[in-house]
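Subject: Structure handover

Hello,

Here is the structure you asked for. Please open it next to this message. My notes follow below.

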Amino acid sequence: MRSYLCGEINEHLIDQEVKLCGWCNTYRDHGGVVFIDLRDKSGLVQLVCDPQSSAYTDASKVRDEFVLRVKGKVRARGEGLENPKLATGKIEVVLDELVIENKSATPPIAIGDESVSEELRLKYRYLDLRAPKAYHIFSTRSRVGMAIRETLHKMGFLEVETPILTKATPEGARDYLVPSRVHQGEFFALPQSPQIFKQLLMMSGFDSYFQIAKCFRDEDLRADRQPEFTQVDIEMSFCTQEDVMRVGEQVIQEVFRTCGKEVQTPFMRIPYSQAMELYGSDKPDLRFDMPLVEVIDLFADCSNEIFASISKDTHSNRFKALKVKGGDQFFSRKTLGELEDFVRKFGAKGLAYIQIKEDEPKGPLYKFMSEASYAKLVERLGLEVGDIVFFGAGEKKVIWDYMGRLRLKVAQDMGLIDPEALKFLWVVDFPMFEKEEGRVKALHHPFTMPKDLDKENIEEIESVAYDMVLNGVELGGGSIRIHQSEIQSRVFELLGISEQEAQDKFGFLLEALSFGAPPHGGIAFGLDRMMMILTQSRSIRDVIAFPKTQKATCPLTEAPSAVSLEQMRELHIRIRDKKES
């Protein structure tokens, strides 16, 4: 039906006859001469039809988004009529034939108009995807997928598909449950990751596995999360942390090279504890140099009782200072108030600061400091006139969180972040456990190898876990896995999982571990997040063909939706009345 794609038409085809297919992007009638911009996945080309052409009658009926099939001769545009914004802007196609393959109703959204509400764009996603920008995103995604497969195949990895219908397991988020029609009262779960199955493949002797896998988590959504997402899943046998990191770096290096970006390896490494102390985040953005500095010792003699009290407990509390070079001229009283409102959202009771002035420093905190302590502060932070220092004091996890967020916001507000920079790093030596509401839980997942289970403070036990971070975004994470059933049982015990519960949920895994499981480990990369960075998209929804909204709904198909009583009876379930809940 066609001899070329629209974007392939160029000066080398002048005077040649071509056949094209596509959609009418725009239609214009200039004094009887019809101009049509024909669009397909490759781009646009201008069609011209004058009243003498046999195609004129049909061409005059064309409107936006009509599906067309045309034949015509390529010619150069007249002098001064070229369009430098189009790859095909030096030529046009003079029509001999035009067939309207399908008419279109008036589109509810303009193709490529990003000012339209996202809800409406997702409702008509098939129209939204007609935009050249959307095609570029998914063309890039396709090339990235091929690069991942080729790279891992060359390294000896075997691609294996693991089940979608599986057993519910506690991995930190809620499972999506699927009721079984055949087994009354029992449920499958959609996998949060292929974690257990890839470990079982290592126990099967497959040695090196990968999969571009669909995963599902029923959790609260954010701009970078979806209820169903895609991850690049990798697992290896007889490996160390170094081996997994090397493979991970090679995969990422090839992915970015495919997209025209050179990445230097090896990546720098930061222990988890250092990342939290210096940047208040386990995924720090290092495109700008603005570390948090510990100054708790300088407030031990503070005249403010609250700050002095905080400074006595150096184990549980932190007193962080954030120096902003030249910030005193940038932040007005109004913007300082806005920054205080910002950190209050994350648990801050206020935002103390000191402005470094020519004559005497200003700010609510300065008056509480002794001269000696202030002098040490100036020396430690390298303060100069025009700087401003923000302070956060209190329980360390709260301080890390809001001071880390403040660091990032200040850098964004001041334009200190280079959007083209790529700052990769590994965050390593994560805690194995964390306490939340008096309950012990695994920071990553319960199959991560701990370094030492005999420490008295459970929160000080480290794991052999690692995250790859790019520009403040976690690209992927992994760990060396537990391959001995005694260690796995001990971890379950510390997590409060009884022996019976462990057998009920993981009995098959514990049994598999008893049959000679090799040392193994791996990593998983979030493909959607990776594509969001590579295509500089605003949201993860832009890089998923048919995404859900932040409310986990699909405006296009109107899912989730009610089902018939007959279907529910077959599944042995019913909807409980609100009064019963």
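One definition before the notes: contact means heavy atoms within 4.5 Å. Helices (H or I, at least four residues) and strands (E, at least two) are DSSP runs, numbered from the N terminus.

This is a predicted model, in which local features need pLDDT of at least 70, side-chain atom pairs count only at pLDDT 80 or more, and totals for chains, interfaces and linings use all residues. Residues are numbered from 1 along each chain as its sequence is written, and side-chain values use heavy atoms, with hydrogens and water left out.

Helix α5
Start with α5 (residues 195-203). Eight of its nine residues are buried (buried is under 20% relative accessible area, exposed over 50%, partly exposed in between; 1.4 Å probe, protein chains only). The buried set is Gln195, Ile196, Lys198, Gln199, Leu200, Leu201, Met202 and Met203. Their cover includes β9, β10, α14 (499-513) and β21 (520-526). Just after the helix, Gly205 has a positive phi of about 85°.

Phe210
Phe210 sits in strand β9. Its relative accessible area is 0%, so Phe210 counts as buried. Beyond residues up to four places away in sequence, Phe210 touches Arg149, Leu152, His153, Phe157, Leu158, Glu159, Val160, Asp233 and Ile234.

Domains
The assignment, which is automatic or from a database, gives domain 1 (6-102), domain 2 (135-271 + 425-543) and domain 3 (288-417). The C-alpha centres of domains 1 and 2 are 50 Å apart.

Cores
A nonpolar core here is a set of buried Ala, Val, Leu, Ile, Met, Phe, Trp, Tyr and Cys residues joined through side-chain atoms within 4.5 Å. The largest has 64 residues, and Ile148, Ile234, Ile252, Phe424, Phe433, Leu475 and Phe525 touch the most other members. Helix α6 (residues 241-258) gives the largest share of this core, seven residues. A second, separate core has 25 residues, including Cys24, Val34, Leu68 and Val74. Back in the largest core, Ile252 is one of the residues touching the most other members. Neighbours within four places in sequence aside, Ile252 contacts Phe267, Phe424, Met468, Leu475, Phe525 and Met530.

Annotated site
Where does UniProt place the feature "binding site"? The unreviewed entry lists Arg217, Asp218, Glu219, Gln226, Glu474, Gly526, Leu527, Asp528 and Arg529. UniProt positions are in the numbering used here, feature names are shortened, and annotations may be inferred rather than shown by experiment. Gln226 lies in the loop between β9 (208-216) and β10 (228-237). Gln226 is buried because its relative accessibility is 4%. Asp528 belongs to helix α15 (residues 527-534) and is buried at 2%. Residues up to four places away in sequence aside, Asp528 touches Arg141, Phe229, Thr230, Ile540, Val543 and Ile544.

Backbone points to check
- Thr265 and Pro266 are joined by a cis peptide bond, omega about 0°. Pro266 is in the loop between α6 and β11 (268-271).
- Ala559 to Pro560 is also cis, omega near 0°. Pro560 is in the loop between α15 and α16 (565-570).
- Ala552 has phi near 60°, positive in a residue other than glycine. Ala552 is partly exposed, at 27% relative accessible area.
- His572 has phi near 60°, again in a residue other than glycine. His572 follows α16 and is partly exposed at 35%.

Best wishes
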